[in-house]
Amino acid sequence: MRRLIGVVAVAMTLSGCAGAGADDDRPHIVVTTNILGDVVANTVGDAARVTTLMRPNADPHSFEISAREAATMRDADLIVSNGLGLEEGLQRHLDQAAEAGVETYVAGEQIDVLDYSDGEAEGTPDPHFWTDPARMRDVVDGLEAAAKDIDGIDETAVEQAAAAYRTELDQLDREMTESFGSIPEQHRSLVTNHHVFGYLADRFGFRVVGAVIPGGTTLAAPSAADLRDLTAAIEQADVPTIFAESSQPDRLIQVLADEAGVDVEVSELFTESLTEKGQGADTYLSMMRANTERITSGLSPGPTD
């Protein structure tokens, strides 16, 4: 029941509303992305009021907030952000809140960071660490400590909620390890809209063949040469499925599938945003389980392969 309470808390706050009246005297945590919003709500349980700024199905690279939401950030007891350059449309508000003395927790500072290995973003930090549940466990560890430092918070409640959520993350990690282990090594090649699976590849032994958008942000655009190079890489790697992200139109990746001139399937993944409730990925755990099933299904060889 505890986890369900956390999920409901996120669902009530995704619109920018705290989901509680003005008489709620619990500490207030404001979170940038909806993936982190779900993780925060589950980590602190009922010990804090959680407001998530990013709406379902939004793009974390480009979403923006209202003046009222910016003021909410400045009044928070703690702001939780992804960091590593992910929240491109929100960074100035994060900087202003920090300068105003608001306590901040940057999840990207708590993990072993990978850099992009190619493309326009080569050598810069990759912010998509949530594709590795073990790194998300590190985020929860640091978040628990940051939450317990908030004045007036129920530390025991935070400890209990965080311990329960770590157990769920460990279970998710075991499920992903088992599922991906069923894919033959020669079939573990990933192509998606843009570079988002570096951490998953590092953890579970995949090769990132390439991305339709060559940079680390969805705000970039591919050139004709980029598409030709990626088409050649797909043909060489004999990739059976390429993956489109749920937060982005799949037109470009469909064009790429057509350009490749081979029998390539296109499968949708939930990568950078949670969905509305009932759309398949309204929590971090359900998002990762859905992606695991689709990647495993898309890359596993058929009976004649």
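The model is predicted, so local features need pLDDT of at least 70 and side-chain atom pairs count only at pLDDT 80 or more, while totals for chains, interfaces and linings use all residues. Residues are numbered from 1 along each chain as its sequence is written, and side-chain values use heavy atoms, with hydrogens and water left out.

Let's start with helix α2, residues 34-44. Helices here are DSSP runs of H or I with at least four residues, strands are runs of E with at least two, and both are numbered from the N terminus. Eleven of the eleven residues of α2 are buried, so the helix is largely enclosed by the rest of the structure; buried means under 20% relative accessible area, exposed over 50%, and partly exposed in between, with a 1.4 Å probe and protein chains only. Among the buried residues are Asn 34, Asp 38 and Asn 42, along with Ile 35 and Leu 36. Just after α2, Gly 45 takes a positive phi of about 60°.

Ile 35 and Leu 36 turn up again in the lining of the largest cavity, together with Thr 33, Pro 60, Asn 82, Leu 86, Phe 129, Trp 130, Met 136 and Glu 272. On a 1 Å grid over the protein atoms alone, a cavity is a set of points where a 1.4 Å probe fits but cannot get out; a pocket is an open set with protein on both sides within 12 Å along at least five of seven lines, and lining residues have an atom within 4 Å of a point. The volume of the largest cavity is about 50 Å³, and its lining has seven nonpolar, two polar and one charged residues. Ala, Val, Leu, Ile, Met, Phe, Trp, Tyr, Cys and Pro count as nonpolar, Asp, Glu, Lys and Arg as charged, and the others, Gly among them, as polar.

The largest pocket holds about 210 Å³ of space. Of its 13 lining residues, Asp 115, Ser 117, Asp 126, Gly 198 and Val 208 lie nearest the centre. Helix α7 (residues 198-204) gives the most to this lining, with three residues.

Now to the helix pairs. Two packed helices are described by the angle between their axes and the distance between the axes. Axes are lines fitted to C-alpha atoms, for helices over the stretch in contact, and angles run from 0 to 180 degrees between N-to-C directions. Helix α5 (residues 133-148) packs against α6 at about 175°, with the axes 9 Å apart. The two are therefore roughly antiparallel to each other, the word for angles over 145 degrees, whereas those under 35 count as roughly parallel, 65 to 115 as roughly perpendicular and the rest as oblique. Their contact (heavy atoms within 4.5 Å) has eleven nonpolar, no polar and nine charged residues.

Helix α6 (residues 155-181) also packs with α10 (residues 284-299), at about 5° and with axes 10 Å apart. That makes α6 roughly parallel to α10. Tyr 165 and Leu 169 are among the α6 residues in this contact, and both also meet α5.

Finally, two loops deserve a look. Asn 57, in the loop between β2 (49-52) and α3 (67-74), has a positive phi of about 65° although it is not a glycine. Leu 84, in the loop between β3 (78-81) and α4 (91-99), has a positive phi near 60°.

Key. Grid points are joined across faces, edges and corners, and a volume is the space filled by probe spheres set on the points.
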